[in-house]
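Dear colleague,

I am passing on the structure we spoke of, which you will find just below. Please look through it before you read my notes.

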Amino acid sequence: MKRDLTVKVAGVTFPNPVIAASGVYGFGECYTDLYPLSLMGGVSCKGMTLHKRDGNTPPRIAETSSGMLNSVGLQNPGVDTFINTHLPRLKRDGNVIIANIAGETVADYAEIAKLLDSTDVDMLEVNISCPNVKKGGAAWGVTAEGAASVTKAVRAVTKKPLMVKLTPNVTDIVEIAKAAESAGADAISLINTLLGMRIDIRTKRPILRNNVGGLSGPAVFPVALRMVWQVAGAVKIDVVGMGGINSAEDAVEMMLAGAKAVQIGTAIISDPLAPLKIIGGLEHYMDTNGIKRIADITGTARPW
Amino acid sequence: MGVFAEKTSNTTGRCVPCRKIPLRYRKLGRHGIEIMYRCGTYHIIEKTAISAGVYSYGIHCPEIAEEAKPGQFVHIKVEGFTLRRPISICDINRKNGSIRIVFEIRGHGTAKLTDSNVGDSIDMIAPLGNGFSSPQSGLAQSSRVITVGGGIGVAPLLGAAKVFRENATAILGFRSYDKIILANDFKQSGVNVITCTDDGSVGLRGTVTAPLEAELAAKPCDMVFACGSLPMLGAIVKICETAGVNCEVSLEQRMGCGVGGCAVCACGITRNDKSHMLMVCRDGPVFKGEEVVL
């Protein structure tokens with residue numbers, strides 16, 4: 001039986017629904033010793049800002065039960081370096097290339113989007129959800145007005161497909177997703193990390209130098225799945241699901257809940273081959289369930 | 001993987017994609033040497049508890065042993081834990097295709113790792129990072145090298161010192177006699193060994209800095225390799241600077257992916273009068289002493 005793994009998000013066709021999440025895959029250069037980038041459905045690049053950022057003071061990572069906390073703080077070489085150094089290689093070797101953008105002000109977001117508009121990047125992912133920066137980041141993603149203002153400003157300067165990445169650290173994520181939709185987003189991706197903390201009981205110091213950081217990994221999967229299900233049921237635009245996906249079963253659940261595609265983050269840190277195992281597992285799921293097109297399972301969960 | 005077939009990995013020590021797909025480009029390390037790592041499961045062929053809470057494992061991994069350099073590390077997956085454990089390579093035996101790692105129980109993950117026995121397999125990504133300078137990277141075989149290690153920090157220096165045999169002097173510092181590890185291994189590899197303990201129970205009393213100063217004053221030295229606590233490294237870097245001797249230090253930081261993808265294991269480095277946040281995993285763990293912001 002011929003399997004069709006392709007999916008379409010915001011008009012962009014991905015050869016398979018497995019995308020590397022922003023922040024774990026650098027600019028697609030780290031895992032090429034193991035497998036070519038062309039096996040991935042797409043890559044969402046490390047969140048980039050207008051200028052180079054050094055990020056937070058380490059330690060920036062702490063382990064948790066079934067997960068981890070990070071407080072990187074958007075360390076990145078800046079959008080110019082991305083365009084000049086990384087993008088040509090990514091376009092040559094990869095499939096769908098998503099630029100994840102972050103800013104301190106609405107004007108920053110618009111400026112970065114304008115610079116990327118004339119490049120080969122396939123899609124923009126507007127990061128209004130980074131919990132680890134003092135200015136900007138999640139500050140925009142916690143109110144409907146903030147989400148709408150950033151989305152609107154970016155929409156005004158780019159024709160690229162626009163995906164808005166939401167934070168789960170809000171009272172009502174549906175309201176924020178709807179605000180992004182009406183401000184012109186073509187897709188929603190969720191969830192970013194949940195704000196968390198760990199303390200070293202010997203030193204009484206938080207393990208992260210930033211005190212708090214974003215929780216990811218299998219621990220957050222059920223929360224992510226619930227939010228994807230809520231958002232997918234409330235917006236007309238496409239939804240990309242992420243948050244603790246660790247296996248093909250998780251990816252299938254996410255798609256049943258309404259995701260057109262999935263992003264894999266922490267699972268790659270644990271196992272660099274996780275995306276390939278998930279793609280293989282999806283094929284197996286299709287074969288054993290007589291599914292010809294993986295895209296057909298999106299949103300087919302049967303709630304009670 | 002649950003009900004799904006594990007299609008993309010095997011247990012022969014190399015993932016399927018590595019074998020099937022030609023590499024299109026490779027990264028260049030600090031010395032312009034090609035770095036290539038692998039990911040797979042490998043068998044433990046030797047296990048010894050060498051002191052309280054410190055274990056030595058021999059791992060059969062011919063392709064990794066072939067490419068590994070002293071100072072690089074392996075990134076080990078421990079069942080039930082999200083994050084891998086980075087452990088430096090202690091010694092490399094190309095003849096029998098194995099590497100040796102020596103690590104100390106630091107927490108639940110490393111404790112769990114010691115449940116693995118000879119014959120069990122270990123899931124690791126290796127070799128990672130940049131090693132110490134060596135004849136391969138342009139440091140002449142005849143160079144006089146001093147390695148300075150504190151506690152478990154002596155482990156990555158064994159392979160590095162061995163290369164220079166009698167031209168190398170290893171200064172090993174421990175808290176007391178019962179904490180001493182690997183001193184005989186250094187001796188057997190032909191390296192001159194100076195042992196010190198904080199309490200004077202064996203060897204010189206006090207820290208590694210006094211014997212280092214004495215060695216540097218006694219004979220000319222081309223390179224110092226160091227690994228240990230940050231205060232110790234800071235003192236060594238200062239001594240080397242005063243003596244005008246090149247120095248390389250191996251750093252440690254809480255790590256994520258191990259290959260430069262997640263940007264968590266940052267460290268401050270001053271290069272060309274500019275400060276940079278570099279990654280311990282990809283840009284280190286070995287850095288030039290004078291570059292490190294300690």
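The notes below go through the chain contact, a helix pair and the domains in turn.

Please keep in mind throughout that this is a predicted model. Where chains A and B meet, 39 residues of chain B are in contact with 43 residues of chain A. On the chain B side, helix 1 (16-20) and strand 15 (266-271) each supply at least two of the residues that touch chain A, and that side of chain B divides by class into 24 nonpolar, 8 polar and 7 charged residues.

Within chain A, helix 7 (residues 248-256) and helix 9 (residues 274-289) pack at an angle of about 65°, with their axes 8 Å apart, and the two helices are therefore roughly perpendicular to each other. Their crossing is right-handed. From helix 7 of chain A come A:Ala248, A:Ala251 and A:Val252, which meet A:Ile278, A:Gly281, A:Leu282 and A:Tyr285 in helix 9 of chain A; by class, this contact has 6 nonpolar, 1 polar and no charged residues.

Chain B, for its part, is divided into domain 1 (16-128), domain 2 (135-249) and domain 3 (251-294). The C-alpha centres of domains 1 and 2 of chain B lie 24 Å apart, and their contact takes 15 residues from domain 1 and 14 residues from domain 2. On the domain 1 side, two or more residues each come from strand 3 (38-51), strand 6 (85-93) and strand 7 (98-104) of chain B, with strand 6 giving the most, 5 residues. That side of domain 1 has 9 nonpolar, 4 polar and 2 charged residues.

With best wishes

How values were computed:
Residues are numbered from 1 along each chain as its sequence is written. Chains are lettered from A and ligands numbered from 1 in the order in which they are written. This is a predicted model: local features need pLDDT of at least 70, side-chain atom pairs count only at pLDDT 80 or more; totals for chains, interfaces and linings use all residues. Two residues are in contact if their C-beta atoms, placed from the backbone, lie within 7 Å. Helices (H or I, at least four residues) and strands (E, at least two) are DSSP runs, numbered from the N terminus. Ala, Val, Leu, Ile, Met, Phe, Trp, Tyr, Cys and Pro count as nonpolar, Asp, Glu, Lys and Arg as charged, and the others, Gly among them, as polar. Axes are lines fitted to C-alpha atoms, for helices over the stretch in contact, and angles run from 0 to 180 degrees between N-to-C directions. Angles under 35 degrees count as roughly parallel, over 145 as roughly antiparallel, 65 to 115 as roughly perpendicular and the rest as oblique. A crossing is left-handed if the near helix is turned anticlockwise from the far one by less than a right angle, and right-handed if clockwise. Domain bounds come from an automatic or database domain assignment.
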